Amino acid sequence: MDEFTRFTCWSVESAQQTISTEAVSPSRGVFLATHAPLAIRRRALVDGGSSGRGSYVTEADVLADFVSRATNNGVLLLPVIGQSGTGKSHLVRWIHEKLEASPQMKVIYLPKTATSLADVVSRLLLGSEGEEFDDLRRSSEGLDTNFSQEQLERRLLDSLAEALVRAAPKTPSERALVGDVRGLYLLMHDPFFRGHLLRPGALVPRRAKHLLEGKGQDESEIPLEFRLEDLPLDVTDVTHASAASQKIYRVLAANAGLQDAAVRLLNDNLDIAVMEAANLGIGRLQRAMLRIREILQARGEEIILLIEDFALIQGVQRDLLDAITETGVKDGQAIYAPIRTIMAVTSGYFDRLEDTVRTRVAASVPHAYDLDIQFGEDVSDAAISDFVGRYLNAARTGRHALELGERNGSVPNACGACRFEDVCHTSFGTSTEGFGLYPFNASALIRSVRSRTSNGQGRAFNPRTALGGVLRHVLVEFHDEIESGDFPSTRFREDFPTSNHVSGLSTSVQTQIEELDHEEPDRRKLLLEFWGNGPNELTNLARGIHQAFTLSQLDVETTNPNPPPPAPGLVDEPDSPVPNALQKKLQVVEDWASRGGALPQDIEARIRIIVRAAVIEQARWTDPLAKEPAVAVLDRAWPKTNSLTILIEGSRGADQLGEGHKALIEFKRNGTNAQFFQDLLRVNEGIDGVSVESLARLDHLAQQHAAALQQMVVRERSAEESQLQAAVEVSFRGAMIAGRLGLKPSTDDILSAVFDDGIGWRRADANLRIPAWQAQSARHLQERPAFISDLRDRVGISQGKTGRVQAIDAARVLPLVRRIAKNQLSEWSQESIPLWARKAAASIRTIEATVDDQLRSLETMASSIRTMFHQGETLSEVVAALNGAYTAAVPGGLLAAAPDLIENDISRLSKVDGASITRLERDLSTARDDPSAAFSVACVDRGMDLIELESALGRSSGWLHNGLDRARQGLGGSGSSATSDLEHLLNDWRALAKGVSDA
């Protein structure tokens with residue numbers, strides 16, 4: 001025997017042919033075979049409106065009431081009221097199919113899919129002969145040939161404007177909007193606002209299209225009247241409109257009362273505009289219908305008028321209502337034939353009919369038939385199963401077999417010939433009429449119907465939604481998935497979210513599934529929620545259900561082969577000692593997992609904050625070594641509510657991520673995560689009962705992502721390796737400028753200088769620095785402490801109570817310093833330097849621009865010294881010569897300067913490092929030969945020796961030359977006895993002076 005698996009007992013084509021949401025669409029055979037009794041209430045009409053709950057009746061009761069009740073002076077108007085999709089037109093068609101033909105009845109049937117103006121007029125005038133009828137037919141039938149869609153749109157708008165000119169205002173607000181020189185008329189003729197009213201999708205174009213074509217079979221019931229959003233109130237730039245129109249627009253846009261009046265006026269005059277635009281004229285159809293009634297009265301006949309949706313009979317409602325509510329008996333004499341009208345109309349539309357019309361309705365029939373029904377009260381789960389079961393059987397049987405069965409007076413049951421009938425019916429169940437519910441069971445069917453019906457319409461049952469949104473949708477859209485063994489799929493979950501009126505699958509059951517089923521946990525969750533009615537413990541379903549959907553049974557003790565459908569009403573919140581506010585949050589998380597709901601922003605944020613806090617607590621800031629970041633840094637590095645770090649499926653933050661991006665921590669929508677979130681919320685509130693598993697998971701998450709947090713902080717602090725390299729080089733250059741390093745510093749020297757904040761740094765050769773160098777160097781030293789503090793924070797840890805960084809991460813820093821020691825400095829660019837180092841770097845850049853000027857200044861000093869200190873001589877030789885000249889000059893009275901000053905200069909020169917000038921000259925030569933060395937040469941602190949050398953030599957040169965001049969002039973004070981000694985010394989002086997001058 002074949003295994004009952006991946007089985008489909010219907011075809012997509014058959015489902016499409018037999019399951020229709022429009023009563024007029026299927027053939028008579030399919031319609032009657034699928035007809036299921038409707039839940040209908042007869043409700044009293046009070047003051048023209050429906051009131052009270054009323055009593056339940058059958059379709060046969062409605063038919064008998066309609067055809068047997070005596071008319072009131074020739075008029076009977078029976079309303080069938082209900083929201084869209086509740087079966088109003090289905091009931092009207094059923095009555096049409098069940099009417100027995102009679103020579104005394106003229107039946108006029110207006111289906112909702114034949115609602116173009118030509119269709120309506122043609123059906124109303126069917127069988128009526130005469131010029132007045134023919135002329136009316138020609139006017140309506142020529143609508144599509146005489147006018148294009150665009151022409152009819154313009155005519156309709158023009159006619160509506162003209163109707164407003166003639167309208168009789170009822171309120172001061174309406175009075176402000178009518179007339180030919182103000183109000184709505186001007187807006188409708190202003191080219192700017194006219195374009196807005198005629199834009200694609202606006203009401204006027206939709207009405208024009210409907211006049212020409214009527215309602216399409218698969219088209220939803222379009223709005224027939226103006227609504228507030230149809231007014232041109234969302235126009236942002238009205239400068240292209242006329243001044244008068246702009247004034248009206250601004251008043252209208254700012255006044256809600258005027259807006260309501262505008263909508264009311266437009267709708268009150270819309271039918272008039274339609275008739276005028278179509279060249280039918282006001283009252284013309286009414287007169288024709290009354291003439292028909294007059295003719296039929298003479299024949300002894302009456303009219304049976306069946307209208308599937310009165311709201312869709314566009315343009316002629318007013319004339320038609322006047323004609324069908326016109327009293328047939330006047331002054332005791334029957335003038336017009338009786339007319340029995342049953343019309344389907346939405347509750348809201350019926351309530352908006354004019355008081356006179358509703359009064360006439362109430363006068364002809366004291367009640368209406370209401371199809372607005374509720375789950376659990378007005379419609380039972382068994383009734384829904386019976387309703388759907390007939391359509392399931394129709395899809396299996398096929399249209400032709402149903403039509404044949406209807407002619408033979410019976411509806412065939414396709415399940416009777418199926419080899420899987422026993423296992424299928426045992427596993428999935430049947431309707432009360434014996435039609436199998438597969439691929440649903442009672443639970444899956446009710447949950448699916450509630451998913452599509454309840455969420456959008458309170459607790460109302462909507463047959464159209466049940467057929468189109470559930471039955472036809474599943475049989476057509478999921479046919480292939482059932483055959484491939486993939487049903488129920490993720491797509492099923494997307495199409496059928498858990499209703500608010502049934503319980504979802506608990507997080508504890510979801511968690512157990514995730515632990516036991518590692519292959520298809522999501523499908524099993526769907527199966528248990530829909531086909532298993534959301535059990536509170538993990539269970540298997542009937543073996544046939546698992547076989548059909550190729551989902552193996554789990555190794556669990558519990559089996560629930562026939563789960564009941566969900567009980568009616570809202571889901572009760574369980575009793576709990578947990579505070580109400582927290583209990584609501586826990587339920588929201590439960591709904592997030594079981595119903596596919598979105599997490600509110602506050603719960604989403606709280607979960608992120610708890611997980612984030614655990615990660616922060618786990619971070620140790622030792623790899624890489626860094627000072628523990630401040631709260632502000634952490635908030636910027638890992639924002640508390642940022643989905644880029646923690647992403648929760650189904651949360652509002654999920655939309656923030658761009659395609660292809662992945663968050664650091666991602667939580668999928670499942671029971672395990674829901675249980676985890678609930679425990680986090682309990683922990684946050686200090687509630688006991690948190691599972692050990694959740695605490696361990698939180699700890700594991702924290703350990704797993706602590707390193708990532710540290711890297712995020714590194715990025716936030718601009719402390720990545722390339723940025724640190726640039727910052728260290730900024731500090732190195734600053735130390736060079738301050739003269740703290742020589743031309744070839746060691747790694748240790750560089751390391752020490754780079755992390756020195758520069759407080760107390762002074763250059764010994766400050767007087768050798770040009771003004772620009774001095775100014776920018778002072779600026780750098782002023783900014784350096786804060787800069788170095790930032791640098792230390794990024795590569796060190798704090799110790800002691802001060803919080804200052806005392807320990808540096810040598811393993812991280814030394815490679816950066818060694819690059820500098822090897823003269824591997826990076827290229828300077830604004831982008832390469834982190835923001836926190838750029839102020840310190842700016843002053844260095846300015847100093848680098850002065851290097852050439854500084855080197856020229858040093859060149860000048862070197863030249864000056866060499867005029868007095870001949871290259872190749874030693875400084876000791878110069879000092880000895882100066883001492884000899886001084887000794888010879890004193891007796892001869894040749895010194896103009898004070899002897900003690902001369903002695904001081906000679907003494908200072910004896911202590912100066914004479915090699916300093918040689919080193920300077922060598923370094924300057926290096927800079928000339930290698931421009932890349934210019935900065936280092938300019939930065940070297942030359943100390944005081946060069947300054948002492950230049951100043952002492954300069955003064956010595958002065959008294960030496962002065963003494964020679966005095967000797968030549970014989971100005972000495974020693975007399976003739978010293979002349980010979982003086983002449984002897986003069987030769988040495990001249991040689992010394994010549995040497996100084998030549999140097």
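This is a predicted model: local features need pLDDT of at least 70, side-chain atom pairs count only at pLDDT 80 or more; totals for chains, interfaces and linings use all residues.
Residues are numbered from 1 along each chain as its sequence is written, and side-chain values use heavy atoms, with hydrogens and water left out.

Let's begin with the second largest pocket, which holds about 740 Å³ of space. A pocket here is an open set of points on a 1 Å grid over the protein atoms alone, where a 1.4 Å probe fits, with protein on both sides within 12 Å along at least five of seven lines; lining residues have an atom within 4 Å of a point. The volume is the space filled by probe spheres set on the points, which are joined across faces, edges and corners.

This pocket has 26 lining residues, and Asn823, Ser932, Ala933, Phe935 and Ser936 are the closest to its centre. Which helix gives the most to the lining? That's H44, with 4 residues. Helices are DSSP runs (H or I, at least four residues), numbered from the N terminus.

Now for the rings. There are 28 aromatic pairs, meaning rings of Phe, Tyr and Trp (its six-membered ring) with centres within 6.5 Å; planes under 30 degrees apart are stacked, over 60 edge-to-face, and the rest tilted. Phe492 and Phe496 make a tilted pair, 4.8 Å centre to centre with 35 degrees between the planes. Both are buried (under 20% relative accessible area, 1.4 Å probe, protein chains only).

Notes: Helices (H or I, at least four residues) and strands (E, at least two) are DSSP runs, numbered from the N terminus. Buried means under 20% relative accessible area, exposed over 50%, partly exposed in between (1.4 Å probe, protein chains only).
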